[in-house]
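Hi everyone, thanks for coming. Today I'd like to walk you through the disulfides in this structure.

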Amino acid sequence: MSKNRKSRVVIVAVAILGVAIAATVFFFAPASSEKNRSLSGSAKMADASLRRLTDTQYRQIILDVLGPTIRVNGVVEPGVREAGLIEVGSRRASVSASGMAQFHALAKDIAEQATSETNRNTIISCVPKAVDAWDAQCGEQFLSQVGRLLFRRSLGPAESQAIFAIAEKSATASKDFYKGVGEGLSSLLIAPQFLFRWEIPQVARDGTLSLDALSKASRLSFFLWNSGPDLLLLEAAESGALDTRSGLREQVDRMLESPRLEAGTRAFFIDMFQFDHFHELVKDAQIYPKFSAQVINDAEEQTLRTVVDHLLVRQLDYRDLFTTRRTFLTPVLGAIYRVPTPSDKSIGMDRRWISYEFDADDPRPGILMQTSFVTLHSHPGRSSPTLRGKALREIFLCQKVPDPPANVSFTEFNESQNSEVLRTTRKRLEAHATAPACAGCHRLTDPIGLAMEVADSDGSFRTEENGVAIDTTGNFEGTVFSDAAGLAEAIRNNPVLPSCLVNRVYSYGTGRAVTSADRSAQATLSDSFAKNGYKLRSLLREIALDDEFYRVPPTKSSNLMTVQAKATKQ
Amino acid sequence: MYCNDSSRSTISTALTAILLLGFGSNAAAETRSFVVNWFHLATYQDEGDCPDGLNPDSEKLVQQLLAQAGWSAQDIQKAQTQGAERNAADSRIAMMMRGHNADGTPASAWHDPTSVPDPHIKTVKGKYAIGFDLDGKVDTGGFVEPETGAVGVDNQLYRALGCFIGYHTRLPGRPAYETSNWDWSRGMPVWLVSISGDDLDKDGDVTVTFDLALHTGERNAKGDYIADQTFVLSTNRRYHHVARGRIEQGTLTVKQPFELLLRADGSILPELDLVQGQLRLDVKDWRAPAGFIGGYTPWLTYWFMYQQNAGAIEASESINIPGTYYTFRRFADAEPDPDTGQNQRISAAFRIELTPAMLASSSLGTYSASASRLKK
C-alpha cells in the first residue's frame, strides 16, 4: 500500500472514529426521560453498565422495528466469550475503529433500504406533504417512534432536537424528504444508546440496588426475545407497572406466550452451544467430499430446530435433548446421516426440512451426536475425541478443562498416524496420554470423546477406522457405557447437566458470570427447574420473575460511566 | 408458530416404516441404490488400433474444411490467428455452409450432412473394444473384450469414434467432450440404479432397476454427486426398467437382454435408448460400483449430440460432423428400417460409475423409500 493511500486510510478511520465519538458526546446529553429516573446517593456510586449489542441482537432489532424487507448486509464486530457466553462478554465488548466503520456502513445501508421507494410506504407510517422538502410533522413522528424502539426508551428533548436537526438539514440540502429521514434514522442506528444496552440502577424498595424500570424492560426483552422491548413492555415500564409483581408477571407471561420467544431461545442456544464458531469451520474437501457450506448452515439449523421443537413446541424435559431421536433433516444432512430425506422441494413444493426420528437402536441419539456438535469439535481432516470431550464438559456441564501446556508434544500422536499398530484414534491417544503432563486432562476428555468416534469429522457415521472396529466403550464419572447412546444416557442423568443450564440461562440474562455469591439462588432455581420437570419455559419464567435477576451487584469503579458521573452531568 | 408442522411427523413415520422395504422386488431381502455418477462411451485406446492414424486435430480440421469451402491459405491462417474474432466468426459460417444443395446453392453441412461427400473419417481397426456380444454371434462385431476375453464383441459406435483425438483414450482417461459435458451440465436428469437380491454380498441372482429422479442432485467440489443423498423417483413408468442378472465373485452381470430408456440432457445426449442391453458391474466395493452397460442405440440420436453444437464440435473437438453421420450410418448394425433396410441402431458400450444414494417414491404427497443398506 502506498504511503498516500495509507495516510488516506488512517484519515478515514480517524474521521469515522471522530464521528462516533462526536455522536457519543452529542447524544450523551441527558434525556429528560432519564432525568426522571431517581438516583439516590447510593445509586450514584454504582455502575451504569453497558452491554454492546451482539450480532444476533442487532439483526433481530432491525427485523422487529423495520420489518422483514430490510436486510442487514454485513456482520457486527464479533464479541468476546466469557464464562461460556458472548452475552457475558458483551459487558467488556467495545467498538473498534473498524467496528464503528462497520456499524456506520450498516446504518447507512439500512436507512437507504428503509427509505427506498420500495419500502418507505410500509415502514414510514405517515406521508409527507411534499417529498422535496422537510415535513417536520411526519419526519419527527417517524423518527420519534423508531427512536423509542431503538433506544428502548423515549428520546429526550435534546436527543430529539439533535436527530430532527440532522434530518431537516439533510432533507433541505438534498430537497428530498426521505433522504432526510434516512439521515435521521442512520444517526439513530450509530448512536451508543442503540448500540449499547444501558443498565441503570436505582434503589429498590428493600434498599438494594436494582435496575430501573426501563433497564428492567430491556433486560427482560433481550433475555426472552433477544430484542428490545415492544411498545407494551415500554409502556409497562414507563407507567411503573413493571415494578409491581402483578405487572411484571403479566408482562413475563405475555412474552413467554409470544412467538418471539423462539428467536430468544434460538439466540441463547446459539450462544451457549458456541455456534458462532460455524463462521470459521472448514473441512478438507478431499477427505470429506460431502461437507459443504450448505451442510454448515443446515447443521446449525438442525440443532436449533430440534431444540425449539423439544423445549418450546412440545415443552419436554431439557435433559431428554441428549437422548431424543427426533430431529429435522434436509437432503444434504440426510446424505451425511445416510437416512432418506426426500424434501418437498423434490416434488416442487417449497419445503426443504422434514422431521425425522432415528430408530430406537440407532447409535446416534441426542444433540451431542448431531452434525453441529461433532463437526464443530473436530479437526479439518480428522475427528477429535479430545476436542469433543472438552467441549462437552465446558458447554454442557459448565466445567473448565485446562488448556494444554505450552510445551505439549504431539509427536507421539502425529507420528503414529500411519502406524500399523496404532490404527485408531483411541490407540494413538492412549500413546499420547502416556506423557504425565498430558494424562491429567486427557482423562477428563478422551473417554467421553471416544464414544463419539462413530461420527467422523464431517458428522458421517462410521463403524471402523483404518479397517479396525471403533471401540466406543467408556466411563463417565462412574457410569460405564458401551456406545454414544450409553454416553448420552449418562450425560442426561448427570445432575450437573440441568444445573449448568440454569447457570448459563441466568448468566445469559444478567450478562455476568455466576459467582459463589449466587450459589444459593442458583440452587433454588435448580430445585425449581427439577420440580417443574426441567421445562425451559418454566425456568425462564422463574428467572424472569425473580427480583435477584434485576439486582445490581455493588461493583468497584470501572471504566464504564458511573451513575455518579452521569448525575454530575445532569 | 415455531417450526413445528405435524405433517412432517407423518412423513417421518412413513419413511421410517418403509426403510425395511425392499425396492424393485418384493421378495428381495436387500436393496442397494445408486445414482449414476459418470456415464460416457467406453473407449479402449490400444497400440495399433488406428493404423491409418488419428483424425486431424481441430486446427488441421478447420484448415481442411475452410479449404473445402474455398478459402485461401492466407485467409485460413488469418482466421486462426489469435484475436481475429471477426474472421473466426466468418470461418464458422464458411465451415457450416460448405455443403451444396442439389441445385448447387450453398447448404449447411451441419444441418444436412449429405450436402457434402462422405469424408471417410479414420476408424478403429484394432482387436479390442469394451462391450458385449450383443447379438450372440461370435462372428459379428469383431472385437475382443479386453477385460473378459469375450469374442464377437459388438461396439460399432466406438469403432466409428475411437480414432478421434478426444476418444482415443482409455480409463482412467475419459472421452473429453462427453465427460466435460457430464461435469458441466447441471440440468442433466438424474439416473438411478437399484440392485436387489437375497444377500448382495454373496453370489446369487439379482434384479437391477433403472429409474429417473424427479429432480437434480447435489454435487460436491469435485463435481461428483454427493453420496447417500435422497432422490425422489419419477412416476413416469416410461423411464422405469428392470433387468435380471447375477452376482458372481464381486461382478454383477446382466446377460438376459433388457431395454432401457432414460431421458437425458441435450448437451450430453438427448436420451439414452438401449435395446438388447447387457450390463457388467464390479461390485466388490459397494461404495463405488463401476462397469459397463451396452446395447443397440439409435445412431441418429447419438449424432444429434454433436450436431446440436456442431460449431464447437468441429472447431474445438475435431469431430467431423458429416463424417460421423456417414460413418454411423454405415456402421449401424441393428434394427433395419423396413422400407430402406438402413439400420437404425448401432452397437455401443458405455462406462457407468455409481454412487450410493437413497430412493424415495412420491405419490400424491406421501412418501415411501428404499434405503440403501450399506455395510460401511
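**Disulfides, one by one**

Let's start with Cys50(B), which counts as buried because its relative accessibility is 11%; buried means under 20% relative accessible area, exposed over 50%, and partly exposed in between, with a 1.4 Å probe and protein chains only. Before I go on, a word on the model: it is predicted, so local features need pLDDT of at least 70 and side-chain atom pairs pLDDT 80 or more, while totals for chains, interfaces and linings use all residues. Residues are numbered from 1 along each chain as its sequence is written, chains are lettered from A and ligands numbered from 1 in the order written, and side-chain values use heavy atoms, leaving out hydrogens and water.

So, which residue is the disulfide partner of Cys50(B)? That would be Cys163(B), with the two sulfur atoms 2.0 Å apart; we call a disulfide any pair of cysteine sulfur atoms within 2.5 Å. The S-S torsion here is about -100 degrees, so this disulfide is left-handed. Cys163(B) is buried too, at 0% relative accessible area.

Over to chain A, where Cys126(A) and Cys138(A) form a disulfide with a sulfur separation of 2.0 Å. Its torsion is about 90 degrees, so the bond is right-handed. Both Cys126(A) and Cys138(A) are buried.

Next, Cys398(A) is joined to Cys500(A), again S to S 2.0 Å. With a torsion of about 85 degrees, this disulfide is right-handed. Cys398(A) is partly exposed at 27% relative accessibility, whereas Cys500(A) is buried at 2%.

To wrap up, the count is three disulfides over all chains, and those of chain A follow the pattern 1-2, 3-4, counting bonded cysteines along the chain.
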